[in-house]
Amino acid sequence: MGFSRSDWRLMIVTVVAAAAAGITYYGKIGGTVAPFVVAAIALALLASLVGRSVEALGDRLGAGATGVVQSALGNLPELFVVLFALQKKLYDVATATIVGSILANVLLVLGLAFLFGGIKNGPQKFGGDTARTLSMLLTLSVAALLVPSLTAALGSHATKAALHERNLSVVVSILLLCLFVASLPSAIKRQKTGEAPGTAEAAATSGGVTTGVAAAASVAAASGSAASGSAANTAEPGAADAGTAAEKSEGSSHQPSWPLAVALTMLAVTGVGAAFVSDWFVAALEPAMDSLGISQAFAGLVIVAIAGNAVENVVGIQLALKNQSDYALSVILQSPLQIALVVAPALVLLSPLVGASFTLVLSPLLIAVLIMAVVITVLVVLDGESNWLEGATLMVLYGIIATAFWWG
C-alpha cells in the first residue's frame, strides 16, 4: 500500500493515543487533568497524520494542488476544536485560539527555528524578496481580521457598530475567502506549466498577493509535512536548488507514495477521528481549566493553539537546523496566513451550525498583542537574516504574552 515504517509508526501511535483518549473520556479515568492531556496528545498526532495524508495527495496531484489541499484541510483538527468550543459557549477559548495560533507561529515557532538554526549554523540568510512578500501577506491578512474589532472599539458610532459586528465579520470573512480562492488558479497553473517545487518560493516573490498566498502553501507542501517525520525529505528541494549532487543524495530517501484512494481514505478517516477527539478534548478542557486554575483566554491562546499545530510546525525547525532558512521561513509563516485567510473566516460562517454566533471582534489586549507580534516579526525578518538572539527574543516575548493571559 506504500506505507513506510515511519507511516506505520505514526498510525499505530495515533490509534493508541486516540483509543486512550476515548477510554479516559468515556471511562472517566484520571480525574480532570489526565483526559485533557491524553486528548491533547491524540489531537496533535491526528493533526500530524492529516498532514501526512495531505503530503501523500501531493505525491499524486502535484505541488500546486497540494498547496490548495493543505490550505483547505491542513487545519481540520483546530477547526473542529474551535467549533466544539463554540458549541459549549467557550467564546473566549475560540477567539484566543485564533490569535494564539498566529502568535505561536510568528513568535514561538519562528523563534525556535531562529534559535536552534542560529546555534547550529550561525547567522542564517534568507531571500529578502521572500521575506517582504510573506511579511506583506501576513500584515494585510491580520489587518483585515482586525477591522471588525477596531470598528467596534474605535468607530465614531461604536454603540451602533456593535449591533452589526456579526454582519461585518461575515463580510470580512467572505472577502478573505475570496482572496484565498483567487490564489488557487495561480497555484495550480504553476504545477501545470511544470514548475519544480523548489521554485515555488521564487514565484511567491514575483506574483501579487494571491500568488504569494498560494506559493507559500505550495512551499509548505513541497517541503514536506512534519507529520511524515522525514527531515531528509525536506532537505531535498534545497539540495536540488543548490545543484549539489551529494546533498541531493543524502536527502533523497523519499517515502513510498500512497495510492490516491488510500490517501483520500486516510484523510477521511483522520478527519472523522479528529472530530471525535476534538469533542473529547473540549469536554475535558473546562474541568482541566477549573482544576489547574487557568483562564479560557490562556487555554485558547496557548494550550489549544499549540496542541493543534505543534507537530505540524516541527518541520520549520527541522529546516532551520538543516540551514534551509528560506524554506523554514515560508513553512512557518504560511500557517498563520492559513489561519487568517481560511480558518477564521470559516469559523465565522460555520458557527451558526453549532448554535453559536462567532465574530472577528477581539478584546483590546488580544488586538494589542496581535499587532505587536506581527510588527515585531516583520521587523525581524525584513533584513533577510536571522540569528539565535533574535530567536530567543521572539520566544521571550511569547512567554511574556502567554503569562499575561494566565489569569484571563
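Among contacts in the protein chain between residues at least 6 apart in sequence, 83% join residues at least 24 apart; contact means heavy atoms within 4.5 Å. This is a predicted model, where local features need pLDDT of at least 70 and side-chain atom pairs count only at pLDDT 80 or more, while totals for chains, interfaces and linings use all residues. Residues are numbered from 1 along each chain as its sequence is written, and side-chain values use heavy atoms, with hydrogens and water left out.

**Whole chain**

Show the protein chain as a cartoon. Its secondary structure comes to 18 helices and two strands. These are DSSP runs, numbered from the N terminus: helices are H or I with at least four residues, strands are E with at least two. Of the 408 residues, 56% count as buried. Buried means under 20% relative accessible area, exposed over 50%, and partly exposed in between (1.4 Å probe, protein chains only).

Switch to a surface. The chain exposes about 15,800 Å², and carbon and sulfur atoms supply 69% of that area. Accessible areas come from the Shrake-Rupley method with a 1.4 Å probe; for residues, only the protein chains shown count as cover.

**Core**

Select Leu103, Leu107, Phe281 and Leu301. These have the most contacts inside the largest nonpolar core, which has 114 residues. Such a core is a set of buried Ala, Val, Leu, Ile, Met, Phe, Trp, Tyr and Cys residues joined through side-chain atoms within 4.5 Å.

Stay on Leu301. Leaving aside residues up to four places away in sequence, Leu301 touches residues including Ala96, Val99, Leu103, Leu366, Tyr398, Ile401 and Phe405.

Next, pick Ala305, in helix α14 (residues 296–309). Its relative accessible area is 0%, so Ala305 is buried. Beyond residues up to four places away in sequence, Ala305 touches Glu78, Thr97, Gly100, Ser101 and Gly300. Draw a distance to Val99: the two C-alpha atoms are separated by 8.5 Å, yet they lie 206 residues apart along the chain.

Select residues 76–87. This is helix α4, with 12 residues. From first C-alpha to last it reaches 16 Å, close to the 16 Å expected at 1.5 Å a residue. The expected span is 1.5 Å times one less than the number of residues. α4 is mostly covered, with 10 of its 12 residues buried. Among them are Leu76, Glu78, Val81 and Phe84.

Step on to Lys89, in the loop between α4 and α5. Lys89 is not a glycine, but its phi is positive, about 65°. Lys89 counts as partly exposed because its relative accessible area is 44%.

Now compare Lys28, in the loop between α1 (5–26) and α2 (34–61). Its phi is also positive, near 55°. Lys28 counts as exposed because its relative accessibility is 66%.

**Surface patch**

Select Phe116, Ile119, Trp388 and Leu389. They form a nonpolar patch on the surface, with about 430 Å² of accessible area together. The elements that give two or more residues to this patch are α5 (91–121) and α18 (388–404). Leu389 is found in α18. Patches are made of residues with over 30% relative accessible area and no salt bridge; like charges are joined within 9 Å, nonpolar side chains (Val, Leu, Ile, Met, Phe, Trp, Tyr) within 5 Å. A salt bridge is a side-chain nitrogen of Lys or Arg within 4 Å of a carboxyl oxygen of Asp or Glu.

**Last stop**

Finish at Leu365, in helix α17 (residues 364–381). Leu365 is partly exposed, at 38% relative accessible area. Draw a line to Ile401: C-alpha to C-alpha, the pair is 9.8 Å apart in space and 36 residues apart in sequence.
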